[in-house]
Amino acid sequence: RETKGSHAAAKASNAEVLTQIEALKQLAVKGALSESIKWIQNFLDIDGKLVVFAVHKFVIDALMEAFPKISVKIDGAVTNENRQKAVDEFQTNPKIRLFVGNIVAAGVGLTLTASSNVAFLELPWTPGALAQSTDRVHRIGQKNAVMVHYLLATGTIVEKIASLLDSKQKVLDAVLDGKITEQESLLSELINQYLEK
């Protein structure tokens, strides 16, 4: 504050809070990761293919390590050429049953209709990124109803993020579509139901 001024001090304080929030997000996903991997394995034992989205590299790496022979991934380190190869493998190879994507790197422009199921292990900060990721499966050529699964740790900061996403979506709905969303979204409703048990 004394050397750079109050504006710089406020920015530094905000950065510290954001760093703490990020640490809490990472703790939440680390705590839920082994159960999420079990859920994915159970899903794959019963059903066909699954698209999973995450944010952090350590989550994507853990999934690739848990399912090495049946998965492909797209994250920020995958080249454009290899992105298309990963999509083609997932779409056409019956042995490749799991697509693991970073919400930013794989959340736009891909067609993943070989699956009608999407799972989120982490949430993005915007409802648009969530919808875009889901839309990778919900594209022209999809023959089945799309199911979205949220593998999130309750009692953590993830609940607050889900609530913020719902609030942002309500504002967007009102501004873009002129509709007032009076009920809570499925995501918040689902979390609240689990909390009541």
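How many nonpolar, polar and charged residues does the lining of the largest cavity have, by class? The first legend below answers this. The structure is a predicted model, in which local features need pLDDT of at least 70, side-chain atom pairs count only at pLDDT 80 or more, and totals for chains, interfaces and linings use all residues. Residues are numbered from 1 along each chain as its sequence is written, and side-chain values use heavy atoms, with hydrogens and water left out.

**View 1**
The whole structure holds one cavity of 30 Å³ or more, and the space in the largest cavity is about 80 Å³. A cavity is a set of points, on a 1 Å grid over the protein atoms alone, where a 1.4 Å probe fits but cannot get out; lining residues have an atom within 4 Å of a point. Grid points are joined across faces, edges and corners, and the volume is the space filled by probe spheres set on the points. Helix 1 and helix 5 (157–177) are the elements that give two or more residues to this lining. Helix 1 supplies the largest share, four residues. Helices here are DSSP runs of H or I with at least four residues, strands are runs of E with at least two, and both are numbered from the N terminus. Lining residues include Lys-25, Ala-28, Leu-121, Glu-122, Leu-152 and Ile-161. By class, the lining has ten nonpolar, no polar and two charged residues. Ala, Val, Leu, Ile, Met, Phe, Trp, Tyr, Cys and Pro count as nonpolar, Asp, Glu, Lys and Arg as charged, and the others, Gly among them, as polar.

Five salt bridges are found in the whole structure, each a side-chain nitrogen of Lys or Arg within 4 Å of a carboxyl oxygen of Asp or Glu. In helix 1 (residues 6–46), Lys-38 and Glu-35 are three residues apart, about one turn of the helix, and their side chains meet at 3.2 Å, N to O. Lys-38 is partly exposed, at 48% relative accessible area. Buried means under 20% relative accessible area, exposed over 50%, and partly exposed in between (1.4 Å probe, protein chains only). In helix 3 (residues 80–92), Glu-81 and Lys-85 are four residues apart, again about one turn. The closest N and O atoms of this salt bridge are 3.4 Å apart. Glu-81 is exposed at 56%, while Lys-85 is partly exposed at 47%.

The side chains of Asp-61 and Lys-73 form a salt bridge at 3.9 Å, N to O. This pair links distant parts of the chain, twelve residues apart: Asp-61 lies in helix 2 (residues 57–66) and Lys-73 in strand 2 (residues 71–74). Both are partly exposed, Asp-61 at 29% and Lys-73 at 25% relative accessibility.

**View 1. The largest nonpolar core around Phe-99.**
Ile-74, Phe-99, Leu-112 and Leu-123 touch the most other members of this core of 27 residues. A nonpolar core is a set of buried Ala, Val, Leu, Ile, Met, Phe, Trp, Tyr and Cys residues joined through side-chain atoms within 4.5 Å. Helix 5 gives the largest share of the core, five residues. Leaving out residues up to four places away in sequence, the contacts of Phe-99 include Leu-50, Val-72, Ile-74, Phe-90 and Leu-112, a contact being heavy atoms within 4.5 Å.

Technical notes: 1 Å grid on protein atoms, 1.4 Å probe; cavity = no way out; pocket = protein on both sides within 12 Å on 5 of 7 lines; lining within 4 Å.
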